[in-house]
Structures are given as C-alpha cells and as structure tokens.
Amino acid sequence: MGRLVDLGYPVTWIDPSFSIGRMGQYYREVPANTLNSDFLVALMMCKSFQFEQHQARRRLTGQPVMAQWDGDQCYPLGAFVECLEDCTKELLPLTKAMFGTVTSMSKTSGSGWKIEVAPSSNQHVHRHAYSTSASQVVTCEADVVILMCGSKPVCLPGLPQLNDTDGKRTIQHTTTDTPTHTTTFTTFHPLDQLVCPKYVNTLIHTNPTLRTQTWGVIGSSHSGMLVVKNLVESGVSRVVSYYRSPMKFMHITPTGCKKYQGIGLKGPVGDWVKAQLQLQQPAFKLIQVKTTTDWSQQLVRDGVQHGVMAVGYKRDVQFPVYVDGLAVARGEYDGYDKMTGEICVQDKKIGLFGGGIAFPQDLVDDEGEVEPWVGFKRSIEQTDLMIKVHEGY
Ligand SMILES: Cc1cc2nc3c(=O)[nH]c(=O)nc-3n(C[C@H](O)[C@H](O)[C@H](O)COP(=O)(O)OP(=O)(O)OC[C@H]3O[C@@H](n4cnc5c(N)ncnc54)[C@H](O)[C@@H]3O)c2cc1C
C-alpha cells in the first residue's frame, strides 16, 4: 500500500479490521528474526508511512522508538507492529479503505475485476474508512488486484485440523499390539498461540502438571524451534522435537555467500538452538521422522501427551475467483510468478497478483540455491515489479 500510495495510484484497500494481520493478532510478543536495522530500512522506504515523523511523536510522548534501538539486535515484533499501525493510520485516508471481507471476485475478458465485499462490524475503529451499511454486500471494481490474504498453519493429515477459532483438541490412541488394549491421549495446541513466549509461560504456570508431561513439537524450522524454546524456558522438562531434514541455519560462507536467509534459523531462536546443540545434553530431544510416519504410533511410542504442529503455513484464499464465468482452480495459484507474484490463468494475464507470506518470492543465493522468501522490504520491492508487469500489459 505504501508504495502504491507514494506513486499516486488510486487504491481500494480491503481488510476486515486493518489490525496488522497475524502479526498484530498473535505475534506481538514473539521475538523477531529480522534485525532492527532491516526493519528500519523498510519503514523508511515509503514516504507515505511518515515514519520519521511518527518516531519523533513517539519520542515526545514516551512511547517505544525503534529508530533509537540497536540496529544489530532483534526485538519482539510488537514494536514493529506499532510502527505498522502508525503506517496504517497514514495510509487509510489516502486510499478507499473498506472494512470487510472479500467473498468473491470475478472478471470477464476485456473488463476489470468486480469484487464482492461483505462489510465487517468494526468499521468505526478508523474514522477514515469507507463506510457501508452493516448488512450490505458491496461490489467494487479494479483493473488490478493484489491478493495479500496471508497463510495459516498447516495441520498434518490424521491429526486434529485446528483452525483459527479452535482451541486445543485431544486425540485418542488405542494400541492393540499388547496383551491388553491401552488407550492414551495427546492434546494438540494451536501453533499461533504457542509461538508466543508469554502465552506459554502463563499456560505452564497456571497448569503446573503440564511442566512434567511430555510435549512433542512436530517441525524444526523457526516456528517449531521457537515453541521448543518457549516450553523449555517455561520449565517443561520433557520436550521432543521431531524433524524430517537436518536444521538449516542462516550463515555466510567463506566466499561471502549468504545462505538460508529466508528458511534458516536465525536471530534469538537460531542462537538459542545453536547453543543447545553444543551442550552434551540439550534441553530437548531430537527425533528424526519420515513423511510416512504414523503419528499415532510415534506419539504413543514417545509418550507424548501434548503436541504442536509446526510444519509450515499454507495460503489462505478463502473466496472463489471467476474468470469468464469459470472458477479459477487453486492449482493456478501455485503457478504464480515467483518474482513478480503475477497469477495467470491458463497462461493468460488477468491483472491478478499475489504477495506477502501467501505468495513467497524465490530468493536465489550466490551459489544458485533457491529458497522461498517473504519480508516487509521485499514486499515493497515486489510492488515495483508488479507495477512494471502491469504497465507492460
Ligand atoms: C513465529 C513467527 C515469527 C516471525 N518473525 C518475523 C520477523 O521477524 N520478520 C518478518 O518480516 N516476518 C516475520 N514473520 C512472518 C510474518 O508474520 C508474516 O510474513 C506476515 O505476518 C505476513 O503478512 P501478510 O500480510 O502476508 O499476511 P497476514 O499477516 O496473515 O495478513 C493477511 C491479511 O489479509 C486479511 N484477509 C484475509 N482474507 C481476507 C479476505 N477474504 N478479505 C479481506 N481481507 C482478508 C486478513 O484479515 C489479514 O489482515 C514471523 C512469523 C512467525 C510465525
């Protein structure tokens, strides 16, 4: 939005609450894996954010001022979220902002997009938001649409399919290979809550028996290892970390190539894991699993009473998209251009792009290895590519 507004494009901006997505909802207490200096560079990339003015105001009113903090450190994401809230306040009056949820989109050849929006109830929060009556579904039009709908945690088949509104869910395992049938239980907890150190600390301290029970965390990339760290630091004594392929850490090779900037462990979580792995007895147990692992058997074998699935995030586009009357198959999204984010339907350009965590870019390192990459600065740079592609239509 910042880049489009800077360049003077008329933009309709649609979101149910404009409250900084999952970061604003769940990750404020989560330690960032981005250096403060990198966040600052990104926040200064768009004039319309008025970042420096907001930092000056914060200084005067005694609020956190990221610009005064150590650039080489990673801080909890909350400070960055507050800056994004400042940016949002600046951008809302400069766009046609609609508090609502997109319920469908359609386009016919030779014309623009028609976007159906169901209004949400909390539009009063920002006085600049475009107002609709509470029950009215509104249709708006656009030549180009950028989908930045976010991603949600993946749940493994055969294990509880937790969604955003679910709390924990318990599954029962019955083993029949012993003379007597044994029944055990594993309670699965939502990843978005367990990545928060404060949430885990409160959970464990208000239920002390959880501290002595066995926890299994499936997945060993950033979110998974953050959950392991949160549990260990809250006093849980038996934590199993299940991994499929060996952990990757962000590092710089002797020839100066930056490896695994996107997918590698880094920041405070990466440092903690590295330090643990150097100990003779790390505070968690690592167990390698296969894609074909029977989770019920595995969890019973390891006596896991509490589980967390940290096996990645999947795109969350919940509404149908029609082109010339035909619904766009979900598979078409997978074929998006990994640099520009452009989504074509049967190789036809339709003025549709994807960005943010739902549509990561490909980052090719100096050794030619490709990894998925998301990030605030990248999103701004990617907007320039989207504009270039669109202008070439
Ligand atoms: C543990 C953890 C640590 C992280 N640390 C960092 C970090 O240090 N640095 C960093 O850069 N990133 C970090 N991230 C990643 C970061 O949180 C995500 O990249 C970022 O939140 C993605 O933003 P997004 O806008 O793509 O999606 P989201 O934040 O999910 O936002 C999507 C928005 O789209 C809206 N939406 C969805 N569907 C509709 C619809 N139908 N109609 C209208 N609106 C809709 C949603 O309401 C939401 O507001 C971290 C993530 C995790 C899990």
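How far is an oxygen atom of the ligand from an N or O atom in the side chain of Asp15? The distance is 2.6 Å. That is a polar contact, meaning a pair of N or O atoms within 3.5 Å; within protein, one must be able to donate a hydrogen and the other to accept it, and residues adjacent in sequence count only if both atoms are side-chain atoms.

A word on the source. This is a predicted model: local features need pLDDT of at least 70, side-chain atom pairs count only at pLDDT 80 or more, and totals for chains, interfaces and linings use all residues. Residues are numbered from 1 along each chain as its sequence is written, and side-chain values use heavy atoms, with hydrogens and water left out.

Thr34 places a polar side-chain atom 2.7 Å from a ligand nitrogen atom. Ile357 uses its backbone: an N or O atom there lies 2.9 Å from a ligand oxygen atom. How much of the ligand does the protein bury? Alone, the ligand exposes 1,000 Å², and 82% of that is buried by the protein. These are accessible areas from the Shrake-Rupley method with a 1.4 Å probe; for residues, only the protein chains shown count as cover.

Now the shell. There are 26 residues around the ligand (a heavy atom within 4 Å). Asp15, Asn33, Thr34, Val102 and Ile357 come nearest. By type, the shell has 15 nonpolar, nine polar and two charged residues. Here Ala, Val, Leu, Ile, Met, Phe, Trp, Tyr, Cys and Pro count as nonpolar, Asp, Glu, Lys and Arg as charged, and the others, Gly among them, as polar.

Which elements each supply at least two shell residues? They are strand E1 (12–15), helix H2 (21–25), strand E2 (96–107) and helix H9 (222–233). Helices (H or I, at least four residues) and strands (E, at least two) are DSSP runs, numbered from the N terminus.

Next, a sheet. Six strands form an open, mixed sheet, ordered E7-E8-E14-E9-E10-E13. Strands pair if DSSP finds at least two bridges between them. Strand E7 (169–175) and strand E13 (285–288) are the edges; each has a single partner strand, so one side of each lacks a neighbour in the sheet. E7 runs antiparallel to strand E8 (residues 182–189), over seven bridges.

E5 and strand E19 (residues 348–354) run parallel, joined by three bridges. Ile146 has Phe353 as its bridge partner in E19.
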